[in-house]
Amino acid sequence: MLTDLVLRTFRLNGRFLEVAERLARPVGLTAAWWQVLGATLGAPLPVSGIARDMGLARQSVQRIADLLVERGMASYRPNPAHRRAKLFEPTDKGRDAIAALAAAQHEWANAVAASVELDALRTTLDTVNRLADQLTHE
């Protein structure tokens with residue numbers, strides 16, 4: 001049963017990424033850029049922290065972060081907790097890009113969610129969170 005869930009999750013992830021690409025493109029982002037910027041909307045993080053939180057390779061996040069900085073959508077600033085691991089954060093341009101796609105993302109999410117009962121979504125989210133926590137402690 002868990003193997004079936006894992007395989008279906010891979011497929012679902014692929015579909016989510018297709019939608020993310022479609023939603024992000026009009027505002028000059030890719031799904032990956034959106035993911036990295038989005039990870040730091042609440043607070044700046046070092047690249048390693050973004051990678052850990054998102055379950056991505058640090059080198060991949062580093063390449064994306066450097067591209068976003070190069071394009072003026074993000075910046076690095078000193079990290080008081082670690083001299084070499086600078087903090088990555090979106091600039092106003094990066095925040096504006098994320099804000100520009102928010103309406104389309106919410107419209108899409110609401111349309112998809114309308115086909116599933118709210119209690120079922122809550123149960124699914126709870127289950128996914130529990131599995132993620134379990135895998136984090138392995």
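Analyst: Here is a walk through the pocket, then an aromatic pair, then the sheet and a loop residue.

Keep in mind that this is a predicted model. Let's start with the space itself: the largest pocket holds about 2,000 Å³. Its lining is made up of 42 residues. Nearest the centre you'll find Thr 9, Leu 12, Asn 13, Phe 16 and Val 128. If you'd rather think in helices, the elements that each give two or more residues to the lining are α1, α2 (31-39), α3 (47-54), α5 and α6 (118-136). As for the kind of residue, the lining has 26 nonpolar, eleven polar and five charged ones.

Now stay with Phe 16, one of the residues nearest the pocket centre. Searching the whole structure turns up two aromatic pairs. Phe 16 and Trp 108 form an edge-to-face pair, with 6.1 Å from centre to centre and 85° between the planes. Phe 16 belongs to helix α1 (residues 2-24) and Trp 108 to helix α5 (residues 92-113), so the pair ties together parts that are 92 residues apart in sequence. And how open are these two side chains? Phe 16 is partly exposed, at a relative accessible area of 42%. Trp 108 is partly exposed as well, with a value of 24%; being buried would take a value under 20%.

Next, the strands. There is an open sheet of three strands, ordered β1-β3-β2, and the pairing is antiparallel. β1 (45-46) and β2 (74-77) stand at the edges with a single partner strand each, so one side of each has no neighbour in the sheet. Looking at β1 with its partner, strand β3 (residues 87-90), you'll see that they pair in the antiparallel sense over two bridges. To find the spot in the 3D view, look for Pro 46, which stands opposite Leu 87 in β3.

Last stop: the loop between α2 and β1, where Thr 40 lies. So is Thr 40 buried or exposed? Thr 40 is buried, with a relative accessible area of 0%. A polar atom of the Thr 40 side chain lies 3.0 Å from the backbone oxygen of Leu 37.

Definitions and conventions: Residues are numbered from 1 along each chain as its sequence is written. This is a predicted model: local features need pLDDT of at least 70, side-chain atom pairs count only at pLDDT 80 or more; totals for chains, interfaces and linings use all residues. Side-chain values use heavy atoms; hydrogens and water are left out. Two strands pair if DSSP finds at least two bridges between them. Helices (H or I, at least four residues) and strands (E, at least two) are DSSP runs, numbered from the N terminus. Rings of Phe, Tyr and Trp (its six-membered ring) pair if their centres lie within 6.5 Å; planes under 30 degrees apart count as stacked, over 60 as edge-to-face and the rest as tilted. Buried means under 20% relative accessible area, exposed over 50%, partly exposed in between (1.4 Å probe, protein chains only). On a 1 Å grid over the protein atoms alone, a cavity is a set of points where a 1.4 Å probe fits but cannot get out, and a pocket is an open set with protein on both sides within 12 Å along at least five of seven lines; lining residues have an atom within 4 Å of a point. Grid points are joined across faces, edges and corners, and a volume is the space filled by probe spheres set on the points. Ala, Val, Leu, Ile, Met, Phe, Trp, Tyr, Cys and Pro count as nonpolar, Asp, Glu, Lys and Arg as charged, and the others, Gly among them, as polar. A polar contact is a pair of N or O atoms within 3.5 Å; within protein, one must be able to donate a hydrogen and the other to accept it, and residues adjacent in sequence count only if both atoms are side-chain atoms.
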